[in-house]
Amino acid sequence: MRALELPAKFCEEMKRILGEEYEEYLASMEEPRRYGLRINTAKISVEEFEAIAPFPLTKIPYVDNGYYYDGSIQPAKHPYYFAGLYYLQDPSAMTPASRLPVEKGDRVLDLCAAPGGKATELAAKLGGTGLLVANDISSKRAKALLKNIELFGVENSFVVTEYPQKLQEHFTGFFDKILIDAPCSGEGMFRKEPSMIKAWEQNGPEFYAKLQEDILSQALPLLKPGGMLLYSTCTFSPLEDEGSVAKMLAMDENLELVPMEGYKGFVQGRPELIGSGEEALRQCVRIFPHKLEGEGHFLALLHKKGEEAETPEPVPVSRGGLKGEEKKLFEEFARNVNRVFEPGRLECKNGMVYYMPEGLQGLRGLRFLRSGLFLGEVKKNRFEPSQSFAMALKRGEYKNCLNLSVEDERVIRYLKGETLSLQGGELQSRDGWHLVCVDGFPLGWGKKTKAVLKNKYHSGWRLM
């Protein structure tokens with residue numbers, strides 16, 4: 001994109017921010033963008049993925065599980081993508097989730113989570129423990145979030161579509177960690193999505209700074225004493241960056257900025273850009289495209305001072321596990337599943353069976369798309385497992401498995417929804433449900449009848 005296409009008002013502000021580096025920034029805008037993918041460490045280690053990587057990768061130096069790839073490659077069409085082994089994401093946009101110090105067992109909130117790039121990384125850090133509440137006010141955008149949560153095999157999530165103020169009714173002082181990648185004017189997206197320029201001209205930094213203030217004032221009460229909050233944007237505007245952080249510090253005297261893991265290309269915050277003498281704002285981090293290979297980002301890590309109190313429990317809703325026919329049919333299917341389900345966490349709603357995450361015993365009055373792991377559906381005389389159940393399993397966790405090599409042409413045929421012919425030793429397994437894998441990583445379900453496998457791959461996920 002040519003620099004002349006950038007709004008004059010924006011260019012003047014960038015000159016003020018960058019000074020002598022402004023021309024370097026303009027030059028970077030005319031260079032091709034860099035593409036990134038992030039390994040799903042909940043399914044595969046970085047070392048294991050490097051050993052099987054189907055295309056050339058270059059390490060992103062400031063994100064442990066991030067890589068650059070050539071933009072001419074189509075990694076979203078490779079079977080490993082459908083197995084949930086990686087997420088496609090701008091390199092600098094990987095930084096916020098990488099800098100929030102999530103620990104096993106934490107209760108974590110991603111407040112503006114769609115489409116799921118940061119939520120899936122937070123889930124990988126939790127490793128199936130604790131609770132991830134992934135929220136986005138847009139139910140349409142939240143559908144993309146839910147798909148990515150399911151694709152990554154996340155089973156301890158609660159996918160919500162609510163305003164932060166509504167969350168206060170259930171989650172005040174509840175979360176150990178919160179990530180707020182706030183709606184912003186998107187100045188760091190101009191090269192990647194030139195359409196953002198027109199949107200910027202319609203609603204610029206002033207509009208979004210006010211929106212951010214509203215969101216932050218409603219979200220801060222959700223953080224427990226001793227907890228940590230990561231605020232980020234993909235814009236360069238001091239009004240939305242240092243300005244919003246300064247407002248947070250004024251809203252809650254217990255909040256303090258803390259250092260985060262740095263990198264030589266990171267730039268510290270600039271309090272003088274908002275006319276502030278608050279030196280703590282230099283703990284913020286700015287990422288510019290002429291400094292690092294990415295589109296740009298802003299980050300601030302905050303700690304809430306105070307003695308860590310025991311996290312309040314949500315009000316439980318009595319469910320009592322599965323009963324009657326639904327219990328019988330699920331247990332019949334689960335005999336082939338090599339994992340233990342706690343009976344009290346199983347729930348059936350209108351024939352749909354869910355496995356609820358620990359620490360979330362049911363919440364009324366909230367709009368949500370998914371609570372816990374959707375296991376499948378109870379139908380007449382049978383239980384049909386879901387796509388999300390398949391993605392949450394590991395190869396050894398289901399008795400009957402059709403494991404195909406990535407070189408096997410049947411993998412692509414399966415992802416397109418076609419019936420597969422079985423051969424050799426594959427014919428020896430019993431008829432019925434099979435977990436279909438590629439190189440040991442689940443893709444979905446199929447149902448074997450003699451020498452064929454009827455395709456049960458989710459129709460909405462098929463390779464087109």
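First, the ground rules. Residues are numbered from 1 along each chain as its sequence is written, and side-chain values use heavy atoms, with hydrogens and water left out. Because the model is predicted, local features need pLDDT of at least 70 and side-chain atom pairs count only at pLDDT 80 or more, while totals for chains, interfaces and linings use all residues.

I start with the sheet that comes earlier in my notes. Helices (H or I, at least four residues) and strands (E, at least two) are DSSP runs numbered from the N terminus, and two strands pair if DSSP finds at least two bridges between them. On that basis, four strands make an open sheet in the order 2-3-1-4, with antiparallel pairing. Its edges are strand 2 (58–59) and strand 4 (86–88), each of which pairs on one side only. Inside the sheet, strand 1, residues 35–39, and strand 3, residues 66–69, are joined antiparallel over four bridges. Across that pairing, L37 has Y67 of strand 3 as its bridge partner.

Helix 6, residues 117–126, lies across strand 1 and strand 4, at about 30° to strand 1. Contact here means heavy atoms within 4.5 Å. Axes are lines fitted to C-alpha atoms, for helices over the stretch in contact, and angles run from 0 to 180 degrees between N-to-C directions.

Strands 17 and 18 run antiparallel and share four bridges; K379 stands opposite R382 in strand 18.

Next, the spaces. On a 1 Å grid over the protein atoms alone, a cavity is a set of points where a 1.4 Å probe fits but cannot get out, and a pocket is an open set with protein on both sides within 12 Å along at least five of seven lines; lining residues have an atom within 4 Å of a point. Grid points are joined across faces, edges and corners, and a volume is the space filled by probe spheres set on the points.

The largest pocket holds about 1000 Å³. It has 43 lining residues, of which A114, R141, D181, A182 and P183 are the closest to its centre. Strand 4, helix 6, helix 9 (195–202) and helix 10 (205–219) each give two or more residues to that lining, and helix 10 has the largest share, with five.

The second largest pocket has a volume of about 390 Å³. Among its 20 lining residues, F374, P385, S386, Q387 and H458 are the closest to the centre. Helix 7 supplies the largest share of this lining, four residues.

Finally, which helix gives the largest share of the lining of the largest cavity? Helix 7 again, with three residues. That cavity holds about 40 Å³, and its lining includes L146, I149, R370 and F374.
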